[in-house]
Amino acid sequence: MSSSKRLLAMSGATAAIALSLMASAVVATDDDGSMEEMASAEPMASMAPGLYVQKAWARESPMMDLAGAAYMIIHNNTDADDALIGASSPQAEAVELHLSSMDDEGMMSMAQVPEIAIPAHEDAVLKPGSYHIVLIGLLEPLTEGTDVEISLEFMTAEPQTISAPVLAMPPLGEMDMGMGDDDDGMGGDDDGMEDDDGMEDEEDDS
């Protein structure tokens, strides 16, 4: 059984891994998919010409038996399509690309994907509730105020290594449940983050 299937087909204490990652999918985010705390953090951008990473962050995972998750915006400033096809980290036993989605009944699911497309002159937005990077088998807790190193492998562009700041997640009871149903995380100038139904969150800010 693949590591992604083991991650999704669990019971008991280990089910907290999938539940914790899916919980992050409903946290309130700003227009570009990053948490509000990112407003006070420096954008994380690699220096490779043509294709670069911005606003990378990872959610806090204080327990090593929980998986970690990382998010970012990857901009393709070239004339050719590209794709993120893999990732690795010295802080995790395995790193996978995943897609979270919500069905018509409001149930969240998560599955491993082989790649995340980055169209020419557009962005791939990795955000809660959509495409993201999962760090499995953490070798140390991901605590707020630290950084996680992630190496990204692309179909065409040269590999890049980024350092993503770890940000705390709000308590489950304070998470904003208002999110678009069918946003695929891909976008152009608007970063692909606008709600498809045009509705604004109705809950009070925590």
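Author: Start with burial. Buried means under 20% relative accessible area, exposed over 50%, and partly exposed in between, with a 1.4 Å probe and protein chains only. This is a predicted model: local features need pLDDT of at least 70, side-chain atom pairs count only at pLDDT 80 or more, and totals for chains, interfaces and linings use all residues. Residues are numbered from 1 along each chain as its sequence is written, and side-chain values use heavy atoms, without hydrogens and water.

Reader: Are Trp57 and Tyr71 buried or exposed?

Author: Both Trp57 and Tyr71 are buried.

Reader: Why is the aromatic pair of Trp57 and Tyr71 called tilted?

Author: Rings of Phe, Tyr and Trp (its six-membered ring) pair if their centres lie within 6.5 Å; planes under 30 degrees apart are stacked, over 60 edge-to-face, the rest tilted. Here the centres are 4.6 Å apart and the planes make 35°, so the pair is tilted. The structure holds 1 aromatic pair.

Reader: What makes this pair a tie between parts of the chain?

Author: Trp57 lies in strand E1 (residues 51–59) and Tyr71 in strand E2 (residues 68–76), so the pair ties together parts 14 residues apart in sequence. Strands (E, at least two residues) are DSSP runs, numbered from the N terminus.

Reader: How do you know that E1 and E10 pair?

Author: Two strands pair if DSSP finds at least two bridges between them. E1 and E10 have 2 bridges and run parallel, so they pair. Ala58 has Val166 in E10 as its bridge partner.

Reader: Which way do E9 and E10 run?

Author: Antiparallel, with 6 bridges. Ser151 stands opposite Thr161 in E10.

Reader: Why is E10 called largely enclosed?

Author: 6 of its 8 residues are buried, so the rest of the structure largely encloses E10.

Note on methods. Helix = DSSP H or I, 4+ residues; strand = E, 2+ residues; numbered from the N terminus.
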